[in-house]
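Here are a few notes to read alongside the model.

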Amino acid sequence: MSTTTAAGGPLDTEGATPAVPPQAPRPRWTRGDTLRTALSGMVLVALLVGAWVLNGIPGTAADAGFSLLIGAALGIAFERGRFCFFCIFRDAIEDKDTTGVFSVLVALAVGGLGYAVVFGMFLPDPTTGRLPPEAHIGPVSWVLVAGGLAFGVGMTLSGACISGHLYRLGQGYTRAVPALLGALVGFGLGFFTWNTLYFAGVSGAPTPWLPTWFGYSGAVLVQLAVLLVIGALLLRWARPHRTAPLGGGTITWAHVRRVVLLDRWGPLTTGAVVGVIGVIAYLRVEPLGVTAQLGTWTRTALADTDLLPDRLHGLDTLSGCATVVTRVVLDNGWLILGLVLASFAAALAGNRFRPSPITVRNGSTALLGGVLMGWGAMVALGCTVGVLLSGIQAFAVSGWVFAATVLAGTWVSIRFGLHRS
């Protein structure tokens, strides 16, 4: 059973933070706090310097440097706002704590408004049948449904979604390692099954996009209305848990430290920041997604060992977290690197970096969950960031279908207690 609080205490193996009384004593600044904050600052400075160095390398290095910064911003937002889709879904299902769900709704609303503006620059008339370049707008078929269900069960078994494992790796969550290794295996299984699934369900499947039917203004209104309805239903079902008050009186250094380093960000702040990051990422580089690099590593390794099918029919023509055969060690991986390191810096400064114990049992379930997530992400063309977040922000019906099926897979597997495996 998870318990959340705004005070940002150390994470347990399930990703929850221990409860802190509303009037908790003000923490005293210690030498250890100074060392942790200094090291955290050094990591962030290193990320800035790294982006500057990459920016000076000819070719695509400018995108690499910007991707590193986007990943760093995302890592801080995810860590400070506890933006892990499994943790968010689990809290709502088990504890009726919808705090995290509202951060997702805000991220989708803010991102959708920004995407509409950017789309108007790239594709002024959305009714022509063309789709915006590189936006994560995918086909809707039973394969997408199967991928979403598998992903939901997988993240329940492993304790986090793929993006959640990446940012929680920065917090010392050791189960993230077998889960991410399992995801690589799952991507391989996805490549082996792709051709069969493509001809059985993906080929010829529709790619519905809301602006084609309603225009940009209509699509924004429709999507905002759906998000408002979901929010209203959640408020009737369960209210978000309130954060601990700072208390009255003069603002002191302890207050500032608590807000900057310790307190969990509220859902409005977290959602707004994630939404803005998503829009900037699409405008400057590509839509947010964290599985392209994992899939690329797997696809390249299989190609090098002649295990990859001779042809992956239609895969490279579809929108989503694209995978390629490449000799470049890091591509989308710069975003992943920035995400993990910045999450580590944020967790360290707030004294939330606590390596968690790993056993044969929870390591095995993390590995199995990772395999399911990898397979689901490969056939769905992305994960909860690439398909759900970026897809819905882009007004793709595929994003909504993936969200519903991931939630369904998570709900069923939690009801069966798979998250306690």
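1. Which side chain meets Arg90 in a salt bridge (3.6 Å, N to O)? The partner is Asp91; a salt bridge here is a side-chain nitrogen of Lys or Arg within 4 Å of a carboxyl oxygen of Asp or Glu. Please bear in mind that this is a predicted model, where local features need pLDDT of at least 70, side-chain atom pairs count only at pLDDT 80 or more, and totals for chains, interfaces and linings use all residues. Residues are numbered from 1 along each chain as its sequence is written, and side-chain values use heavy atoms, leaving out hydrogens and water.

2. Asp91 also meets Arg82, at 2.7 Å, N to O, and a network of salt bridges links Arg82, Arg90 and Asp91. Arg90 counts as buried because its relative accessibility is 2% (buried is under 20% relative accessible area, exposed over 50%, partly exposed in between; 1.4 Å probe, protein chains only). Asp91 is buried too, at 3%, and so is Arg82.

3. The structure has seven salt bridges. Another one to look at joins Asp33 and Arg36 (2.4 Å, N to O). These two are three residues apart in helix H1, so about one helical turn separates them; helices (H or I, at least four residues) are DSSP runs, numbered from the N terminus. Asp33 is buried, with 7% relative accessibility, while Arg36 is partly exposed at 22%.

4. Val49 also belongs to helix H1, which covers residues 31-55. Val49 is partly exposed, with a relative accessible area of 44%.
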